[in-house]
Amino acid sequence: MNRLYDMEPRVMDDEMLKLAVGEQGPREEAGQLAKQEGILFKDVLSLQLDFQNILRIDNLWQFESLQKLQLDNNIIEKIEGLENLTHLVWLDLSFNNIEAIEGLDTLVNLEDLSLFNNRISKIDSLDALVKLQVLSLGNNHIGNLMNVIYLRRFKALRTLSLSGNPVAEDEDYKMFICAYLPDLVYLDFRRLDDHMKELAEMKHQYSIDELKHRENLVQARLEDEQARREELEEHKAAFVEQLNGTFLFDSMYTEDVEGSKLSHLPGVGELLEAYKDKFVIICLNIFEYGLKQQEKRKAELDNFMECVQEAIQENQEQGKLKIAKFEEKHLLSLNAIREESELSNIEAKIVQYSEDITELFNVLMTLEMQLMEQLEETINMFERNIIDLVGLFVENVQSLMAQCRDLENHHHEKLLEIAINILEKIVKGEMDEDLPDDVRSLFVDKDTIVNAVGASHDIHLLKIDNREDELVTRVNSWCTHLLDKIHKDEIMRNRKRVKEINQYIDHVQSELDSLECGDLLD
Amino acid sequence: MVQAVLKATSSLDSQRHARMEVLKEKVEEEEAAEREEAAERAERGEKTKRPMEVRRGETTMTQEMLRDLERKLSEIEVSVPEKILTFTKDTIDTSKLPLSYQSNTLKEEHLLQVADNFSRQYSHLCPDRVPLFLHPLNECEVPKFVSTTIRPTLMPYPELYNWDTCAQFISDFLSMVPLPDPLKPPLYLYSSTTVLKYQKGNCFDFSTLLCSMLIGAGYDAYCVNGYGSRDLCYMDLTREVCPLTMKPKETVKEEEKAPPKKYAIKPPRDLTSRFEQEQEMKRQEAIKAEEENRRKQEEARLLEQENAKTDPLHGLRVHSWVLVLSGKREVPESFFIDPFTARSYSTQDDHFLGIESLWNHKNYWVNMQDCWNCCKELVFDLGDPVRWEYLLLGTDKPFLSLTEEEDEGMNDDDDVENLGKEDEDKSFDMPPSWVEQIEISPEAFETRCPNGKKVIQYKRAKLEKWAPYLNNNGLVCRLTTYEDLECTKTLEVKEWYQNREDMLELKHINKITGLNVDYFKPGHPQALRMHSYKSMQPEMDRVMEFYETARVDGLIKREETPKTMTEYYHGRPDFLSYRHVNFGPRMKKLALNSAESNPRPMVKITERFFRNPAKPADEDVAERVFLIAEERIQLRYHCRSDHITANKREFLRRMEVDSKGNKIIMTPDMCISFEVEPMEHTKKLLYQYEAMMKLKNEEKLSRHQAWESELEVLEILKLREEEEEAHTLTISIYDTKRNEKSKEYREAMERVLHEEHLRQVEAQLDYLAPFLAQLPPGEKLTRWQAVRLKEECLNDFKQRLIDKANLIQARFEKETQELQKKQQWYQENQVTLTPEDEDLYLSYCSQAMFRIRILEQRLSRHKELAPLKYLALEEKLYKDPRLVELLKVFV
């Protein structure tokens, strides 16, 4: 906005940020420490950059854990450069020259947003701010009262300020907002009383009811879609998606030009109908079988995971117990060493102590090794079982698919028979029914019609094969992925544990060493 | 000298006693004579009269004999025991008993005949068995059949609805009187109302009362006449273990072993020698067996010792108890209840040595089974006529379907089967009970025991019971257990309290260790649950438990020893679970040495925390130790779920000064830390400095809290002492009898109401008020005024009477005239009238006539009453307090 002082716009550079961070950092003793060490930008939680004549927001990407940012009283024209500040809770951009709300799509934790005294004319682009509680939009150019309805989606919004906007001139302004944002508690820094809310609700009841109805419809549709998507997801996990209907059958005929032409032949319609019914029944069989197998696999996996977890848990408990025991002893022996005055005794104790450490290391490592071996065995067993299960599933699906193919072959024979019959009739001129021209064009000689029927048949077989291949590959790849992951996880776990044990032993050892050093120095 | 006086008094007592007896005898004689006449009129059977005659024989002592006896008695010095143990009918006032007690109805007579017949046949068939207990005399010397003495009653107290509490109540409520002859059933069986009134009775009274209540409550209960052990008959529990001392059996739940899962890991191979294990096991077993053997021997020896005294009359002692059969009220199995002790026994118990007969309010059964092996082999299938011979046919007990056919065949050869089954009996059922309804007043119910106190001696234990509010410290029950059989060395004392204001419920004193444990109900001002201590002095060993939900700080338990204090918490927002404080020796301070003014220095505070789910595990402190003396703080963090080691951190709080004299704020060696997964920011000095500053504050806070805990202990101890001294009892607001406040309030309310009522009555009757109102207010009446007032009042009343008479007269005349007119009209138009009009006319006539008659009656009544009313008013005016002084002269 217009400033009384007209300074040159400044750039947000490192220097400026460092200065601000240093000024706003810890005080007194802590401040001394901070100065000694320096403060990293990524540790800063709150930053104040007001009255700096900043034109463009920049260089803020390092402040990853920033929670509060004040950029008020600058000459910023566009909201930008805030994408990395995902932990931001408090953002103040008041008294700037912003014309549109934008660039806030990553700030999902934002609760308090102030855009007071800017040039905004439309409330928009706030969808990501699901936790928004306070929104200050006073002294802007918002002119459409209907724009407020946009704010209905923020369920946590309690405080709103819109005074100083053209909309606030509207005589119905307060009532309207009260009615459309019933959860609002403060409007323009004043509390909304219950009486007012009641009045507003009564006044706008019909339109709000309508709005609610529409919102509910949308909501319901979304939920419906969600449910459907989830169901499909589930079917996909079982590798039998879209086999619970005519989808495969329909897809067989979508690319099959000859097939659809041939279906116009007399007698083919009924044949096709019967074929479809049988085909769909087999598909359904595959589908149900797939779901059942999926459940079986899941149960197997759950069982396995549970057992593994239990084993690991038990092993951890043992390890913890061992460490706790050691630590008790450790404290005592450390104290004993400290208090011992005789040098030879000290040495003896140190030796004893380091033996203890070695023993602990051995015990923990043995435990880990034991667990690893046990898990290895269990994993192998699981591997065998799951591969068997998948193999069985594939086999059965293949046999069912073979049935589909048989049906197709059967259908093909019948179709061919009918086609040849018709061809004969046409040749003999006995054909009394009218055939569409493109169909009739097929019946020129035997080769043409046989080729056409054959092409249709080939397409169908191809579709069936493709679906089968897809299923088999996917289930196999799932199986390999799963097993890979299990193996990898186990290796990771093992490495982590070994690392942990080593680290701990190192720590204990270093404690002993430092003690030794101290003793030697003394 | 004193003895002589005592003797004199006791002889006086005995004289009085004897005289009373004589008087009673006389009364009885007359009554007996009357009853005999009545009995003859009723033409009762031969045998039923017999007990009466026997009784009469006893009573027909001449006056001389009595006098003689009296003299003799007065000479004998009898030391009358304070408590009259024998419950004779002399103490019963029979004159106020209802008629059903004093005579028999026709049906009852009939029943007695039947019973006699049955008894005759029974003694004929089973000559070696004792006569049946069928119709003993009641308190009015009238023979009553035992079944009619049972009066099924459902008591209005919920406590009496279940058999256990009901039996307990009866055993508490009545005091036990042994049978006059332990080998025979008593001659008398009093009604339950009498028994309840005098609160004592023998086993038959007990079981009759209990049976009445149980049947009333829906149980299938029977009175049993049989034989019991000596302990049972004399309610001797000294050889029984007190049920309160027995520990409730811990139901050890067998942990269900889940079937091994498919992917359960295989355990690591066991490399120990199995042979060695087996050898070890064998050795252990041998030791165990030896121990067991020794224990058994010891037990046997003890048992022998205890059972040294055998009873010479074993198996002959008559006892009565209650049998509850399975089936009704969800009783799964038949069992006995001994009414003296209210304990239940299985039907196989050793104490019960045989059954003669049993009865309920509907029928009477004789046991035909052999009792050689106590009651162990008895079958309680009352429908089986071979085992149980019934007196009346047609009870609700189902016959065994099997025996029905056999019955026919057996009728001829087996006479026992035929007993009491004559044709005339078939339509006969038990007459209703002659006993009045059993009633127990709420006061009596609450007082429970006679005089509200009862003492039961058990094996190595003594149980004392009191009614609530009897002891002013709320003591209701005390169990003293002893080490030896002679009850000389006290082991421990348990005292139960009720209605205490401080919610004290149970006090457990162990005499050997000197440990006192107090248990509290919820509601103590400091939320105490349990307090165990050896002395009430502070800083001693003690444990206090609390109702943590009632406390803001969530404290569960606080344990103290002279040097430490340990507190356990639950459900705190800061997740603190445990705080342990070590105290050092107190600083020498001569002036005051109380804990309040000079707290002991704390050396070490250990605090543990539950896991805070909001924080990641490696930032969530699990334990922190403030070593105050060493100025060190140790932190241990929680372990992450996939780790076995946890972060640790140790801060040295010591302030140091560097070579130039500047204060060193923070150096890396002031914080030693171990991190499972090293993090960047924790290495920073700033972070460590901030953490240490925070910990310093928290240390202060912890010390303050520990100090507050100490203060609280002192406060609680003080409060407990005060409570022990005051021991005030709470009174429920619904207890209108005891609640003084509500009583006062109620009485005040009643008084106010009563006064109000009186005032209203007075206000209504003030005839003089309208006349007094004419006079100037506040002035005293002169005589002339008074006279005038009276005259006016009377005149006015007279006028009113006359007016009223006139009014009635006027109405009467009007009514008559109208009727006449109507009649005239009717006579003139009689010819032209339609039937409807005629009907209308007739109904009008009858109504009018009715009205006229009523008016006539009212008038005559008014004429009659008016002078009386006038006189009454005059009388009242003469007596009016405002006029009486002034009018006196004229009277």
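Predicted model: local features only at pLDDT ≥ 70, side-chain atom pairs only at ≥ 80, totals over all residues.
**Figure 1. Chain B at a glance.** Chain B holds 20 helices and 27 strands. Of its 891 residues, 40% count as buried. Among contacts in chain B with a separation of 6 or more, 58% join residues 24 or more positions apart. The chain exposes about 53,200 Å². Carbon and sulfur atoms supply 54% of that area.

**Figure 2. An open, antiparallel sheet of 7 strands in chain B.** The strand order is E6-E5-E4-E3-E7-E8-E9. Strand E6 (343-346) and strand E9 (388-390) of chain B stand at the edges. Each has a single partner strand, so one side of each lacks a neighbour in the sheet. From one strand to the next, the twist averages 35°. Strands of a sheet pair through backbone hydrogen bonds, either parallel or antiparallel.

**Figure 3. Strands E3 and E4 of chain B, paired in the antiparallel sense.** E3 covers residues 220-228 and E4 covers residues 318-325. Their pairing runs over 8 bridges. Cys223(B) has Val322(B) in E4(B) as its bridge partner.

**Figure 4. Helix H9 of chain B across the sheet strands.** H9 spans residues 203-216. The helix lies across E3, E4, strand E5 (335-338) and strand E7 (352-359) of chain B. H9 runs at about 15° to E4(B).

**Figure 5. The crossing of helices H7 and H9 in chain B.** H7 comprises residues 163-173. The axes of H7(B) and H9(B) come within 10 Å and cross at roughly 145°. The crossing is right-handed. On the H7(B) side, the contact involves Trp163(B), Cys166(B), Ala167(B), Ile170(B) and Ser171(B). On the H9(B) side, Phe206(B), Leu209(B), Leu210(B), Met213(B) and Leu214(B) meet them.

Figure 6. Leaving aside residues up to four places away in sequence, Pro468(B) touches Glu446(B), Val476(B), Gln498(B), Asn499(B) and Arg738(B). Tyr497(B) is 29 residues from Pro468(B) along the chain. The C-alpha atoms of Pro468(B) and Tyr497(B) are separated by 8.5 Å.

**Figure 7. Helix H15 of chain B and the residue that follows.** H15 has 42 residues, 685-726. From its first C-alpha to its last, H15 reaches 60 Å. That is close to the 62 Å expected at 1.5 Å a residue. Just after H15(B), His727(B) takes a positive phi of about 25°.

Key:
Residues numbered from 1 in each chain as written. Chains lettered and ligands numbered in written order. Heavy atoms only, no water. Helix = DSSP H or I, 4+ residues; strand = E, 2+ residues; numbered from the N terminus. Expected span 1.5 Å × (residues − 1). Pairing = 2+ DSSP bridges. Axes fitted to C-alpha atoms, helices over the stretch in contact; angles between N-to-C directions. Contact = heavy atoms within 4.5 Å. Buried < 20%, exposed > 50% of the residue type's maximum accessible area, 1.4 Å probe, protein only. Areas by Shrake-Rupley, 256 points an atom, 1.4 Å probe, with all protein chains shown as cover. Left-handed = near helix turned anticlockwise from the far one by under 90°.
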